[in-house]
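Trainee: Could we go through a protein model together, one question at a time? I'd like to learn how to read one.

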Amino acid sequence: ASIQGLREQSVQLEGRASRLQNELVEIESHDRQSIIQKERLSTEKAQFSRVVANFESRRAEMLNTIGELEGQLSEASNVQNAAREEHARAQEERTTLAAERALLQESVAAENARIEVLKQGESARQGLPEGARLLLDSSNPLGLERSTVEGALGGLVEGHPGYEKALESALGRWIDAVLINDDANARDIVKAIAGKDAGTVHLVSNRVSSKTKPSAPSGTRMLIDKVRVEERYAPVFKDLLGHVAVVDGVEDIPLDIAPGLAYVTKNGIFATDSGELIYHSASDNADTLLAVRHRVAEIDRRLVDTQGKLANLRNRLAGVDEKISGCAATLTEATAIVDQSKQAVALKKGELEIVAREAEESARRLETVTWELDELSKQGEVGVAKREAMSLQIREVQEERNGISERLHEMTQQLKDEENKNTDLQSALTEKRIQFSEISQTLQHLQHQLDSSTARISDLESAIAGRTS
């Protein structure tokens, strides 16, 4: 291509580059407007995102609060139901305890009435022979000397719990006896009662016996150790019971009883060293003074146990009443908490609905702004691609134009170099021509000299030759 053609092509490329640059400026202007709009939409999106996040946070917080309130409501309802059930159980328990207390009170009243009847019988000496009752009558209907009379033997002693029948059986024929302190007076009393034929009487003197008591086998329980008696009456009971051993059953009684010893079982079987075996039925001794005392003591023990049960029932009733009061207070408090919790849950759910509507509206607006922003981003991506394509075209045109400029510069430089070279060659040619002219002149001069010399030589040779010839 000629230099002129390259220059025309360069001008065309420059015009094309200008047009592309103008289009690029328009695209960049549109991009700047898009960026401004994107910044505005991004700001709105950020604001709506914060609003939505705030609503979501409030919603989550309110849901959490509602959950806590519902948990409190459930817990309060459970407490309320438990308090109601506990209150009903306590009321039922109180009714049961009140019924038990009524039964025990009736039992106490019945036992007290029974004791009263028995004590009245004891005071009237019921069960004693007629002579003994007359002797012990405080009005002294027989007109006897009674200063030495201690009382009915059966009213002066009492068996330990579980040993009552053994004591009644061991006393045997002495169970209705009357204790006297003076032997001589005892004779007078018996004589007077017999003289008047006033009834049967059995007198026992309260004195220490001179008889030697046999020793019991080691480890044997002695009946005298299982009775309660005043110290002043101990001698006669030691005399009557000191030789009697107590065993649990008839199989525990030895077949060969040591002389002077006797055995009695806890249920009333009496065995002597002479081989006698005696059983006193409880019904046979039911009216004796000792049996009455034992029944009174047994009833007293039952009364003590019943009174203890009554006291325990009173304490339990007091505890149940306190429990009922506590349950009632708990129920009232739980009911108030349930009502408050229901109101709080309803209020929070109302607030949650409002927040949910506001959050939904903000979410819709955020969705719209996000869509607009996405569309701008897509347009921006297209604009970027177009701008990059145009920039690439501009760079290609500029590169092509630069290439042409470089080629023009190179060709111009080559032309200058050729011109300079041609000038140098022309100068050299001129110099050479001058040199050639000078050399030609020199050569012509030399040739002329040579021709002259040659002619002279020829002349000389001719001369020489002429001389020699």
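Here is our chat about this chain.

Mentor: Before we start, this is a predicted model, where local features need pLDDT of at least 70, side-chain atom pairs count only at pLDDT 80 or more, and totals for chains, interfaces and linings use all residues. Residues are numbered from 1 along each chain as its sequence is written, and side-chain values use heavy atoms, with hydrogens and water left out.

Trainee: How many helices and strands does the chain have?
Mentor: Helices (H or I, at least four residues) and strands (E, at least two) are DSSP runs, numbered from the N terminus. Counted that way, the chain comes to six helices and 10 strands.

Trainee: What share of the residues is buried?
Mentor: Buried means under 20% relative accessible area, exposed means over 50%, and partly exposed is in between (1.4 Å probe, protein chains only). Of the 469 residues of the chain, the buried share is 30%.

Trainee: How many residues of H3 are buried?
Mentor: H3 covers residues 164-171 and is mostly covered. Among its buried residues are Glu164, Ala166 and Leu167. Out of eight residues in H3, the buried ones number seven.

Trainee: In which sense do E5 and E7 pair?
Mentor: Two bridges link E5 to E7, which spans residues 244-247. Arg221 stands opposite Val246 in E7. The sense of the E5 and E7 pairing is antiparallel.

Trainee: How do E7 and E8 run, parallel or antiparallel?
Mentor: E8 takes in residues 262-265, and four bridges join E7 to it. E7 and E8 run parallel.

Trainee: Which residues of E7 are buried on each side?
Mentor: In a regular strand the side chains alternate between the two faces of the sheet. Both faces of E7 are covered. One side has Val244 and Val246, and the other has Ala245 and Val247.

Trainee: Which side chain makes a polar contact with the side chain of Ser205?
Mentor: A polar contact is a pair of N or O atoms within 3.5 Å; within protein, one must be able to donate a hydrogen and the other to accept it, and residues adjacent in sequence count only if both atoms are side-chain atoms. Ser205 lies in E4, residues 203-205. At 2.4 Å, its side-chain partner is Asp183.

Trainee: Is Ser215 buried or exposed?
Mentor: Ser215 is found in the loop between E4 and E5. Its relative accessible area is 64%, so Ser215 is exposed.

Trainee: How far apart in space are Ser215 and Gly260?
Mentor: In sequence, Ser215 and Gly260 are 45 residues apart. In space, C-alpha to C-alpha, the distance is 8.9 Å.

Key:
Two strands pair if DSSP finds at least two bridges between them.
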